[in-house]
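Subject: Structure for your files

Hello,

Here is the structure I said I would pass on. My notes on it follow below.

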Amino acid sequence: MASSLDIIDHSPHHPDPSPPVSTASNLILIDNYDSFTWNVYQYLVLEGATVTVYRNDQISLEQLITKNPTQLVVSPGPGHPISDSGISRDAIRHFAGKIPIFGVCMGQQCIFDVYGGDVKFAGEILHGKTSPLAHDSKGVYAGMAQGLPVTRYHSLAGTHVTLPECLEVTSWIPKDDGSKGVIMGVRHKEYTVEGVQFHPESILSADGRVMIKNFLHMQGGTWAESERLHKKAQADSIAKSTVDKASLPSNPKKNNILQKIYARRREAVAAQKEIPSLRPRDLEAAYELNTAPPQIPFVDRIRQSPFDVSLMAEIKRGSPSKGIFALDIDAPSQAKKYALAGASVISVLTEPDWFKGSIEDLRAVRQVLGGMPNRPAILRKEFIFEEYQILEARLAGADTVLLIVKMLDVGLLTRLYKYSLSLGMEPLVEVQNAEEMATAVQLGSKVIGVNNRNLESFEVDLSTTSRLRSLVPKETIICALSGINTHEDVLANHKDGVNAILVGEAIMRAPDASQFIQQLCTGQTSAQQKPQPVPEPLLVKICGTRSPEAAVAAAEAGADLIGMILVPGRKRTVSDDVAKAISKAIHTFSRPAPAPTATIVSKGAASDFFASAPLKLTSYNRGRPLLVGVFQNQPLDEIIEMQKRYGLDIVQLHGREPIEWAHAIPVPILRCFAPGDPGIGVRGYHAVPLFDSGSGSGQLLDAVDVKATLEKDKELRIILAGGLAPENVASVVKAAGEDGARILGVDVSSGVEGTDGEQSLGRIREFVKTAKAIR
């Protein structure tokens, strides 16, 4: 992977110098007689350092010590560090542990040599070639993307086999197999000493100024001291209510609320990063272990909507302008309402002080939407100023994050945008005026939100979005943010070509969020909505089948599911030969397809996981019943083997099997639950719960238990089992009242047996006929 990348000029053509860095007020740069020294000097000065340059043979160590430098930088240079670096190595030996030291190219080789490593031929001679860099995201690489092109001018490098014990490799050029190739960076494990083999100051190296900036903000002689001083400076800055340029708008107004919010967030994030389990390295480790929940493409999802204009529904309990207005609302319940009402995106405010949110709200929202077909995308609405917050959002389940142009200089905005993309998240980029819109467009943003509310005065102007719409490419998604309260507001935005609207406070204040969304997005009240589709026909499962003849009789009568017991030692357990015969009879059976029913899963909108259960529990065109194998407390590998052997369409788990087994078994799962059992409503696992009074007890469920279970979870669907027979099935379903529509099916076993304990073909036909007449 050491081949050159596409040549791109990364030099600062119109450099915007940073303010002076007080901690880099007396930086000394040792020149090893290299033309690149000027470029290094330029980048250092542009990032705010006060720099003095000395040739490596024109100043003694004693003279250098008297200069009392704040930092030391050792430049590139020709030759070998032992013979051609002049005072460089002695300077490193003396100042290590006292001030930060940064070595570039030969400068790194000097570091390697000083601590006992060998600098030898690197195996290739490179002159002005770029390679993709892999790094550890720490030190000078903090906040940088992986795979950035860096420029290499060298034939020598430190070797892995002689790497000194006190140094660690921080960057490298990956080999074709992904292993670490030529060493591109080293860092002392204790002292603030760091080096790079490549040239960050080259015009072909990406983010060279970022590396220089990261170095200039190091302080003290050790990493521990640097961290302590950084925290102290940060605390002092917050105490004085000053925030650096990277996180505040230029010329902020006095007492600007955004300044206060950002100062508080920076303080809180800095403190959080010190908590074990929440440190940056902890989050990075979790991400590398693939613990982040699955994500969906933000751009694609926002284009899907049951409405003319996509809805981004927001969860927030307060705001700086309106105070607290919805403190009692819990995030997951609200998110579920939003999703089922047709929201394309759910925005979750995670700022705790002014908006009364937290990252736990976002995590809970992601969990409640888990398993939901066509779930909305989840936006972390936060005042983001560093990569840590973006990674935290991804691990909590966010699909996208908000980046506010007003609050970020172009360099930081670009860095955060690229980092978000590296995690698979296209950010929502927020703007408020034409200048900020131009920045967002140049950035390449695919989704731009125009805030109708002035973030400094909090005044709302709904015409802001329409004025800026013409400034973006047609394919860019434009979202109107803030101040939208009525259907007339939505119509006006639609007329102006707006693709999506973000609504928060108005929905949060509404007595019924679902009805408000319908009124807002369609102009209709719930009474004016189209009638609900006719409930699905009641599914019928004949269980305990013990012969091909009984299976065929049930199929001919119209049964949807044929169950056979594969639990060893039960009176209804079938042998291997009988199971194979039943399987053959069902798989070769065919019957005319019934008339199609209404679509179950909404188009363009999310639906509850259990809403699609009938599709999973019926064959194509219902041309034959599906074959169900019933298991109880058997090993997983045995269940999977028997599913394959008998061609089971569905597996029914009737014991204490872990719910997670549903993801390991390659067919839909029916899982038995008794009244009071936990987990009945868990989404994303069993296709639908089988609600039974007990394992094959034959006892009828109490109607009170059925109603209570359905009332507790308004989207839950169940198959009813236990004590059913042709004589009582209709009354049992009817006893559930209106909630009976969510009884998807009925399951019978002993109720179709004769007095001899054998299945009665007549009772099978009678049960199916009676059940099918219910719905």
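**Cysteines**

The count of disulfides comes to zero, a disulfide being a pair of cysteine sulfur atoms within 2.5 Å. Two cysteines show why. The sulfur of C521 has its closest cysteine sulfur in C479, 13 Å away, which is too far for a bond. For C672 the closest cysteine sulfur is in C543, at 10 Å, again too far for a bond. C521 is buried at a relative accessible area of 9%, and C672 is buried at 11%. Buried here means under 20% relative accessible area, exposed means over 50%, and partly exposed is in between, with a 1.4 Å probe and protein chains only.

**How to read the values**

This is a predicted model, in which local features need pLDDT of at least 70 and side-chain atom pairs count only at pLDDT 80 or more, while totals for chains, interfaces and linings use all residues. Residues are numbered from 1 along each chain as its sequence is written, and side-chain values use heavy atoms, with hydrogens and water left out.

**The chain as a whole**

The chain has 775 residues, of which 54% are buried. Its C-alpha atoms fill a box of roughly 110 × 60 × 40 Å, taken along the principal axes. There are 26 helices and 27 strands; these are DSSP runs numbered from the N terminus, with helices being H or I of at least four residues and strands being E of at least two.

Contact means heavy atoms within 4.5 Å. Among contacts between residues at least 6 apart in sequence, 69% join residues at least 24 apart.

The chain exposes about 32700 Å², and carbon and sulfur atoms supply 53% of that area. Accessible areas come from the Shrake-Rupley method with a 1.4 Å probe, and for residues only the protein chains shown count as cover.

There are 82 positive and 87 negative side chains, and the centres of the two sets lie 3 Å apart. Lys and Arg count as positive and Asp and Glu as negative, with His and the chain ends not counted. Each charge is placed at NZ of Lys, CZ of Arg, CG of Asp or CD of Glu.

**Nonpolar cores**

In soluble globular proteins, nonpolar side chains tend to be buried together. A nonpolar core is a set of buried Ala, Val, Leu, Ile, Met, Phe, Trp, Tyr and Cys residues joined through side-chain atoms within 4.5 Å. The largest one has 95 residues, and M312 and Y338 have the most contacts inside it. Helix 13 (residues 387-396) gives the largest share of this core, six residues.

Leaving out residues up to four places away in sequence, M312 touches F298, I302, V345, L379, L428, C479, A500, I501, L502 and V503. A second, separate core has 51 residues, including A554, F610, A736 and F767.

**Positive phi**

Most residues other than glycine have a negative phi. Y33 is not a glycine, yet its phi is positive, at about 55°. Y33 sits in the loop between strand 1 (27-31) and helix 1 (36-46) and is partly exposed, at 37% relative accessibility. D207 also has a positive phi, near 60°. The loop that holds D207 runs between strand 9 (193-196) and helix 6 (208-216), and at 25% relative accessibility D207 is partly exposed.

**Some individual positions**

The contacts below leave out residues up to four places away in sequence.

- D136 is in the loop between strand 5 (119-135) and strand 6 (148-158). D136 touches Y141, T170 and R187. D136 and S171 are 35 residues apart in sequence, with 6.5 Å between their C-alpha atoms.
- S226 belongs to helix 7 (residues 223-239) and is buried, at 9% relative accessibility. S226 touches T192, M218 and Q219.
- F516 is in helix 19 (residues 513-522), in contact with N485, A506, I507 and A510. F516 and T486 are 30 residues apart in sequence and 9.4 Å apart, C-alpha to C-alpha.
- D649 is in the loop between helix 23 (636-646) and strand 23 (650-653) and is buried, with a relative accessible area of 17%. D649 touches H587, R624, P625, L626, L627, V667 and P668. D649 and L491 are 158 residues apart in sequence and 48 Å apart, C-alpha to C-alpha.

Regards
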